[in-house]
Amino acid sequence: MIYQGKQKIWADYQKEIPDNHWFYVRSCIRQNFFPGSEKMFLEICRNVLKKDFFETEYHTTCGGIAYHCDTIPQETVMTIVARQFALMTEAGYENYVASCITSFGNYAEIIETWREFPEVETRIRELLWKACRREFKIPKNLAHASDLIYKYRNEIAARAKYRLVNRYTGEPLKVVEHIGCHYAKMFPSKGVGGAEYPYVLCGMIESWGGNVIDYPERRHCCGYGFRQYHVKANRGYSLSNTYKKFESMEPYHPDFILTNCPGCPYFMDRWQYVIAETEGKTYGGNGYGIPVLTYEELASLVLGYDPWDIGMQLHQVAVEPLLDKIGIAYDPKEKYKGLNEKDLMRPELPGVLRCC
Amino acid sequence: MKENIVIIGGGIAGLEAAAQLLSLGYKPIIIEKSDHLGGHVAEWNCLFPDMTPARDIVSSLAARSADANIFLNTEISFVNKLKDSYNIMLSNGISIITKIILVTTGFSVFDAAKKEEYGYGVYDQVITNRDLEHWFNTGEDKRVNDCGMNAVGFVHCVGSRDEKARNPQCSKVCCITAVKQAIELKQKFPDAMVYCFYMDLRMFGKKYEDFYISAQRDYGVRFIRGRVSEVSENIDGRVIVKAEDTLSGKPVKVTLDLLVLMAGMVCSPDSTRVANMARLPVDSDGFLKSEDNVADIISSPKEGVFYAGACTGPKTVPETLAEARAAALKVHLYIKGLE
Amino acid sequence: MDFGFKLSPSSAINLDKVDLSRFEKLHGIEPDIIKCMACGSCTSSCPANRFSGMSLRKVILDLQRGREKEALGMLRNCMLCGKCTMVCPRGINTRHLILSICRIYGEDGK
């Protein structure tokens, strides 16, 4: 591996990310999958870094899942997106940041479509006006939330309580980075570092002290794919793709996986349980799995937030071995206690995959 | 015969044309931007299909054209059109008034790093056809591991027939070059598996098909019809190549100790620069536009400006030499016409 | 545990894992086999093809991709008529080749 060669490619794919004043839209599914992540994104941006991030309760889905499942036509998804842009315009913002990778890809695709076919944009403006009497401006800057954490990575590093270093060996942690397909595969120039060698998560890992692993199936899809997981008959494909990635990364013994997509961390986390049950195979040390983190969770951990406050107990794969490696303090007794000491109850432990 | 003839480019086209013009009694001027003559061929080791040493071709051309006025390390600063001639200003401060310009600026090798998915410049075991010739010549390339060569792959059409790389044209010579280089590697490493990943095999030239059959039958080179889609590196630093074996309709992957990218030919930026200065048109494929692509490929639409070699499109060595001879004769007849 | 779905087998051919020892033995006595350029003349003129799917082109390819079972399955339908030998532009003695394949790949009880 020639690191300078990658740096050269990264230098070609730098996008402009304004430092402040963003209109934030959430993902449909992330709050169920990893409930702490979006909350922590706003917490870090607003309260730690003192930036202006606005969100409104009136925003809806971007329509991406339905669009990619082929259940609504593109005009519909464009009109939904036009309404989101109208909310941004009404709130007085010009920079639009999406929490979801598919939303980000969806917005990028629609803005590109309107640029190529202005008559489509005109028609969508008419449809939006007829539907809800709203008007919009196209965002000046479009970012995915991971672009922002990437942008702020050094500020976060400066405030970090922990580094991504194995405290038993003193070695940097070995980290697999996994990018959502819709981040840059559709428009390589819209992602930090392009599509073949994305830098957005590498930048965070490097800045916070870890080492990135470049394994053969690094570019491969996690396998979620709306039409794969959501149709039970196809669910085996979804599982097989994840399996292929884990088989490929296994010899590198990664300490954890960092992701920037709603679906990837969920499936790479949960499928480890299914693979353990059906194939009898686990990929972490001592029968554990490999923890899969969102970038917000990782940022929160290095900043010193309590793991149980950011939702780490909702992972299938136990995160405790990773917390121990980094040296993050946690109280096992508090793991399943919610707000105001509410008892969340303990999940049943799986048979093969070792959990805490 | 006092008429000035300016040949832009000291590759094999320029040298052959100069040699012919010298034998016709002219004293042509060769402008070469690098410090040596022979262009790309001077960097090559052997030429298909008879394994002719490239060095011999270049040195014989250089000897035959030695009496020309040769300016090395010299570029064209600008070209002015006068009433019935051109004023060419060189980077060394000399200016030449001439009625005849022969453009032999040739091609550039496609920058294989642009095909990011192949990892040229990122993975240690990925080289180009040109790097391999350099290794044949010098034996120096850390990426080629002499001792552990178990499997080698060739990727055809890198930056050729590729609209996304803005090169829709076929580079013509890479198919046969891959066959040649595959045979040469098999000769050096008889036990290695050698795979060629191709879309089409275009064996159009004299003895090319024989060469291809020999690669299969005598050397056991394995041809897989399918374009490599992605290259990655495994834990021991070897590269994993993915393609579709389109003949069996199945994806195939293989681990290789060396991957050679057959980088194609693109119009050289120098050709484009000269074209801009002399107001020569560029064809839809990016190469210089001829008066007629069938009947008169060596004439430009401009009075007194002629072409030879790969500045008008990918060409083999014999094709380039034949064109250079034709261009020399054309120049000769043009001068006769002026008198 | 049964989840109602399971890993799908990979359809990819991994050339690293293909055992070519028998193919090399075959190649030793039938050096012309790798001259095949997959033109398909044999298949299109094969009388068994349209009824049984027999294709010598595919047999030659399958043997090199480690899909020996598929290749031998197809070969069972060959009637040894010799038409493919007549049409092969690369001059491969296909009839002889088919017999050699049967001899070498049939050795362990096939």
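Visitor: What distance separates the centres of domain 1 of chain B and domain 2 of chain B?

Guide: The model is predicted. Taken over C-alpha atoms, the two centres are 31 Å apart. The domain assignment gives domain 1 as 5-106 + 268-338 and domain 2 as 112-265.

Visitor: What makes up the contact of domain 1 of chain B with domain 2 of chain B?

Guide: Domain 1 of chain B gives 10 residues and domain 2 of chain B gives 18 residues. They count as in contact because C-beta atoms lie within 7 Å. On the domain 1 side, 5 are nonpolar, 2 polar and 3 charged.

Visitor: How do you know that the span of helix α5 of chain A agrees with its number of residues?

Guide: Helix α5 of chain A, residues 74-91, has 18 residues. At 1.5 Å a residue, the helix should span 26 Å; its end C-alpha atoms are 26 Å apart, so the two agree. G92(A) follows α5(A), with a positive phi near 85°.

Visitor: What does chain A bring to its contact with chain C?

Guide: Chain A supplies 10 residues and chain C supplies 7 residues. The largest share of the chain A side, 6 residues, comes from α13(A). By class, that side has 4 nonpolar, 3 polar and 3 charged residues.

Terms used:
Residues are numbered from 1 along each chain as its sequence is written. Chains are lettered from A and ligands numbered from 1 in the order in which they are written. This is a predicted model: local features need pLDDT of at least 70, side-chain atom pairs count only at pLDDT 80 or more; totals for chains, interfaces and linings use all residues. Two residues are in contact if their C-beta atoms, placed from the backbone, lie within 7 Å. Helices (H or I, at least four residues) and strands (E, at least two) are DSSP runs, numbered from the N terminus. Ala, Val, Leu, Ile, Met, Phe, Trp, Tyr, Cys and Pro count as nonpolar, Asp, Glu, Lys and Arg as charged, and the others, Gly among them, as polar. The expected span of a helix is 1.5 Å times one less than its number of residues. Domain bounds come from an automatic or database domain assignment.
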